Amino acid sequence: MTNNILDVLTYMFDYLFEEAEQDATHEIDNTELKAHLSDIGFDTMRIDKALSWLEKIATIQDGKIKPFKTTYQGSIRIYTKTEKIKLNAKSRGFLLFMENIGQLNGNQREMIIDQIMLLGDASISLEDLKWVVMMVLGNSIDGETSTQWLESIVFLDENRTIQ
């Protein structure tokens, strides 16, 4: 089993959604979640990093950290050299596409890029970027996004058009 932070996050989300479907009244605390993730083979350090990664999103949403200030509508995002290494042209194009169709604002884009940069991988595939977009937008207070629509961007066939 690969053992990067994104693997832990995606498994964790699947597990939590599955558990919620089976019993909506049962809340899983961090101790129980860590034990489950460890039991299936995830490294404790990666589990802690994944939970910390999620905590940062929650902290921004709670207003404990000031969100990124993006005030210029229609401005162009210039990526740093390090960001270009982490996000290839296809991934950067996807973020621009999401902005252009109105599903992502500048503040959310910056949150996504920031969270991507926190991941330990050298580069992020488009598939992994879509998972991060889903996680950040799913926890965003900047407008409501349909859960069904969010899932469609992650599981969408690349040859289809988003409507």
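This is a predicted model: local features need pLDDT of at least 70, side-chain atom pairs count only at pLDDT 80 or more; totals for chains, interfaces and linings use all residues.
Begin by selecting helices α1 and α2: α1 passes α2 in a right-handed crossing.

**First stop: α1 against α2**

With both helices displayed, look along the place where they meet. The two pack at an angle of about 115°, and their axes are 11 Å apart. Show the side chains of Val8, Tyr11, Met12, Tyr15 and Leu16 on α1, together with Leu33, His36 and Leu37 on α2; these residues make the contact. By class, the contact of α1 with α2 comprises 7 nonpolar residues, 1 polar residue and no charged ones.

Keep Met12 selected and display its surroundings. Leaving aside residues up to four places away in sequence, Met12 touches Leu33, Leu37, Ala50, Leu51 and Leu54.

**Second stop: Lys34**

Next, select Lys34, which lies in helix α2. Is Lys34 buried, partly exposed or exposed? Lys34 is partly exposed, because its relative accessible area is 34%, and the buried class ends under 20% while the exposed class starts over 50%. Residues up to four places away in sequence again set aside, Lys34 touches Ile47, Asp48 and Leu51. Draw a distance between the C-alpha atoms of Lys34 and Leu51: the two residues are 17 apart in sequence and 9.1 Å apart in space.

**Third stop: the whole chain**

The secondary structure comes to 8 helices and 0 strands; read from the N terminus, the order of elements is α-α-α-α-α-α-α-α. Colour by accessibility, and 37% of the 163 residues count as buried. Among contacts with a separation of 6 or more, 70% join residues 24 or more positions apart.

Select residues 5–22 for α1 and residues 126–138 for α7; their axes come within 11 Å and cross at roughly 55°. The helices α1 and α7 are therefore oblique to each other. Their crossing is left-handed. On the α1 side, display Leu6, Leu9, Thr10, Phe13 and Asp14, which meet Asp128, Trp131, Val132 and Met135 of α7. Sorted by class, this contact of α1 with α7 has 6 nonpolar, 1 polar and 2 charged residues.

The axes of α5 and α7 come within 9 Å and cross at roughly 35°, and the crossing is right-handed. From α5, show Lys90, Ser91, Phe94, Leu95 and Met98; they meet Leu126, Leu129, Lys130, Val133 and Leu137 of α7. The contact of α5 with α7 divides into 7 nonpolar, 1 polar and 2 charged residues.

**Last stop: the nonpolar core**

Which residues have the most contacts inside the largest nonpolar core? Select Leu9, Met12, Leu95, Ile112 and Leu129, which hold that place in a core of 37 residues.

Leu9 was shown where α1 meets α7, Met12 in the contact of α1 with α2, and Leu95 and Leu129 where α5 meets α7.

How values were computed: Residues are numbered from 1 along each chain as its sequence is written. Side-chain values use heavy atoms; hydrogens and water are left out. Axes are lines fitted to C-alpha atoms, for helices over the stretch in contact, and angles run from 0 to 180 degrees between N-to-C directions. Helices (H or I, at least four residues) and strands (E, at least two) are DSSP runs, numbered from the N terminus. Angles under 35 degrees count as roughly parallel, over 145 as roughly antiparallel, 65 to 115 as roughly perpendicular and the rest as oblique. A crossing is left-handed if the near helix is turned anticlockwise from the far one by less than a right angle, and right-handed if clockwise. Contact means heavy atoms within 4.5 Å. Ala, Val, Leu, Ile, Met, Phe, Trp, Tyr, Cys and Pro count as nonpolar, Asp, Glu, Lys and Arg as charged, and the others, Gly among them, as polar. A nonpolar core is a set of buried Ala, Val, Leu, Ile, Met, Phe, Trp, Tyr and Cys residues joined through side-chain atoms within 4.5 Å. Buried means under 20% relative accessible area, exposed over 50%, partly exposed in between (1.4 Å probe, protein chains only).
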